[in-house]
Amino acid sequence: MGRIRILADQVANQIAAGEVVDRPASVVKELLENSLDAGATRIVVEVEAGGRKLIRISDNGIGMVRDDALLAFERHATSKIRSSDDLLSISTLGFRGEALPSIASIARVLVETHAAGEESGTQLEIVGGKIFRVEDAGLPAGTTITVRDLFFNTPARRKFLRAESTELSHVTALVTHYALAHPDKHFELHSATHALLVAPPVSRPSERIFQIFGNATLDHLIPAAAERPFDRAGLPEPPPWKRDGDYQPPDPGFLRLSGFVSKPELQKLNRNSIYVFVNRRLIRDRLILHAVSEAYRNVIPPTSFPVVLLFLEMPPHEVDVNVHPAKTEVRFRQQKYIHDFVCDSIRNTLVKARPAAQFLSALSAAPSATPSLVPDVFPMPDSDKKHDSEPTIRPDDAMPFALTEAPPPPEEVKLPFAISADLAVATAEAIAAPERSNGSEPGPSLNGLASLKPLGQLRESFILAVNDEGFWIVDQHVAHERVLFEKILREREVERVERQRLLMPLLVDLLPQQMVLFSQIAGELERNGFEVEPFGPHTIAVKAAPTGLEAARLERMLMEILEKAEDPAQSENLGTLRTRIAASIACHSAIKVNMPLDVKRMEWLLAELAKTEHPTSCPHGRPIALRYSWKDIQKAFNRI
């Protein structure tokens with residue numbers, strides 16, 4: 001007898017559940033996406049014990065008739081697609097028909113649904129993948145799905161769940177980000193003890209951010225928006241012999257970007273605060289993450305990352321979402337086009353905004369390792385007690401980061417869980433109105449640099465200046481570094497880099513591996529104003545260098561470039577190498593600290609800084625100017 005057998009449907013569903021459902025947040029994601037696909041405008045999520053005991057999602061969508069409710073829990077049963085051609089243009093969040101049967105195979109599920117126009121609704125109860133009961137019931141329009149005792153029949157999977165507070169934080173992050181992606185819909189999230197999120201519909205994404213995180217978070221973000229038509233090259237079309245007589249070429253459509261990007265002063269130590277939605281679907285895509293990092297290159301330190309909330313809209317045929325069981329990864333048809341569009345759009349947003357770092361906020365600003373952009377998750381009453389079957393917590397199970405305001409005085413503001421849901425809705429609607437006026441006020445920017453009047457220097461290292469906006473402190477070294485950096489890149493672009501010949505060639509001894517690296521970057525060094533050639537097996541001779549670079553710093557700068565190229569973590573393309581060499585030249589050629597400057601020199605430096613594209617930070621990510629606003633000065637002296 002052969003050893004290969006076809007698995008039973010129940011076993012197959014549990015295997016599929018291992019791909020689709022790995023924690024309570026996965027269940028919430030699948031059911032939440034179903035509600036959105038059903039056209040719901042009000043979605044309420046309830047969880048208990050972090051989702052272990054109970055997950056209930058109610059919506060006011062189109063609902064299901066009795067036959068559809070029964071068929072929905074069969075494998076690969078879906079209303080989203082009909083043929084393989086539909087896979088090329090998926091516009092819904094779900095489409096595979098695997099989520100519901102997978103969830104039902106590892107939990108106790110109760111479905112209550114009522115389709116519009118039907119006399120009665122349907123109650124369907126499924127336990128461990130088997131239908132327990134089905135009956136008619138009087139229900140409101142929409143669907144409510146209750147999932148109890150997750151992984152009750154797969155104890156090995158249940159052991160891998162984390163603490164209740166950890167699982168709750170993942171659910172909160174998921175619901176929060178879908179609420180941000182759909183500001184026109186009402187979202188609620190409740191735990192067993194209090195309301196975690198109550199977000200009534202608003203007209204603009206900025207109002208939603210204000211609703212959830214408050215004005216402090218919104219002040220650190222810059223709105224971004226861009227649009228570009230898709231290139232027609234490579235657009236899929238049927239062959240000539242399959243075209244009808246009235247065939248029209250397909251419209252390539254547009255690529256649109258909207259969302260928010262953080263000011264350079266807000267930095268994180270990982271990419272977990274970068275959230276990307278493609279056609280309202282939350283994804284984790286390396287291509288987009290790389291584009292975001294490239295946009296912030298030479299604006300923030302290379303080891304830091306921004307906070308980004310990005311929404312991309314494109315025709316469905318331009319993106320393939322059928323590449324991952326949980327649909328969290330996608331594949332773009334025109335990858336380079338989208339990568340460059342995202343990078344250019346974010347960088348142009350930063351150039352246009354030119355945000356200024358506030359003096360008081362800069363005192364406490366420091367990069368932090370924060371997993372996500374979510375509101376506070378208050379701990380459960382027994383959150384400090386770990387589950388009996390919980391294994392050792394791994395390092396990546398840290399609580400998600402909470403980007404929130406400092407706690408207000410208790411006598412002035414009530415905590416969210418101390419008010420009812422109805423009152424929370426009224427409160428959120430009331431505070432949305434002031435935000436509309438606040439959102440129109442421009443934030444602090446560096447557009448006023450040209451009007452600065454220098455007062456003098458602080459320890460011959462920082463320029464003190466004033467204008468109508470307030471009092472400014474400018475780091476003279478990094479300011480000149482930014483000026484030189486952009487000047488070098490412009491000259492390099494047109495190949496007109498000024499160079500100076502050395503009276504005597506400078507001989508630099510290198511290690512064997514450094515000689516190999518030198519041969520790889522020698523061409524780029526020459527384009528940046530260097531004239532270097534080998535002088536023996538382990539020596540190079542520098543005959544010319546860029547203007548302004550002192551000979552005493554020349555050897556140190558070359559060694560610095562080679563050491564970074566030697567680091568395996570510093571894998572880079574030609575553009576990255578070009579900017580790194582320009583940054584190194586600018587750093588070693590710039591005005592130093594402890595260098596006295598006269599008024600004319602300070603005025604020249606401030607004027608040149610005002611002309612740069614990114615006067616916010618030096619090429620290595622350090623802030624250039626800090627502003628102490630006139631309003632803050634008045635507050636400090638109790639004038640207002």
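Visitor: Which residue in E6 stands opposite Val-111?
Guide: That's Ile-145. Before we go on: this is a predicted model, where local features need pLDDT of at least 70 and side-chain atom pairs count only at pLDDT 80 or more, while totals for chains, interfaces and linings use all residues. Numbering runs from 1 along each chain as its sequence is written, and side-chain values use heavy atoms, with hydrogens and water left out.

Visitor: How do you know that strands E3 and E6 pair?
Guide: Count the bridges. Two strands pair if DSSP finds at least two bridges between them, and E3 (residues 108-114) and E6 (residues 142-148) have seven, in the antiparallel sense. The labels are DSSP runs, numbered from the N terminus: H or I with at least four residues for helices, E with at least two for strands.

Visitor: What makes E5 and E8 edge strands?
Guide: Their sheet is open, with eight strands in the order E5-E4-E3-E6-E2-E1-E7-E8 and mixed pairing. E5 (130-137) and E8 (195-199) each have a single partner strand, so one side of each lacks a neighbour in the sheet. The twist averages 10° from one strand to the next.

Visitor: Which helices lie across strands of that sheet?
Guide: H2 (residues 24-37) lies across E1, E2, E6 and E7, at about 10° to E2. H6 (residues 164-181) lies across E1, E7 and E8, and runs at about 170° to E7. Angles like these run from 0 to 180 degrees between N-to-C directions, with axes fitted to C-alpha atoms, for helices over the stretch in contact.

Visitor: Why is H14 called oblique to H16?
Guide: H14 (residues 512-527) and H16 (residues 574-589) pack at about 60°, axes 10 Å apart. That makes H14 oblique to H16: under 35 degrees counts as roughly parallel, over 145 as roughly antiparallel, 65 to 115 as roughly perpendicular, and the rest as oblique.

Visitor: Which residues make the contact between H14 and H16?
Guide: Contact means heavy atoms within 4.5 Å. H14 brings Ile-521, Glu-524 and Leu-525, and H16 brings Leu-574, Leu-577, Arg-578 and Ile-581. They split into five nonpolar, no polar and two charged. By the convention used, Ala, Val, Leu, Ile, Met, Phe, Trp, Tyr, Cys and Pro are nonpolar, Asp, Glu, Lys and Arg are charged, and the others, Gly among them, are polar.

Visitor: What makes E20 and E21 edge strands?
Guide: The open, antiparallel sheet here has the order E20-E22-E21. E20 (499-509) and E21 (531-534) each have a single partner strand, so one side of each is left without a neighbour. Neighbouring strands are turned by 15° against each other on average, direction ignored. H14 packs on this sheet too, touching E20, E21 and E22, at about 20° to E22.

Visitor: How do you know that E21 and E22 pair?
Guide: They share four bridges, antiparallel, and Glu-533 stands opposite Ala-541 in E22.

Visitor: How confident is the predictor, in pLDDT terms?
Guide: The protein chain averages 80, and 79% of the residues score at least 70, on a per-residue confidence scale from 0 to 100. Over residues 377-441 the pLDDT is below 50.
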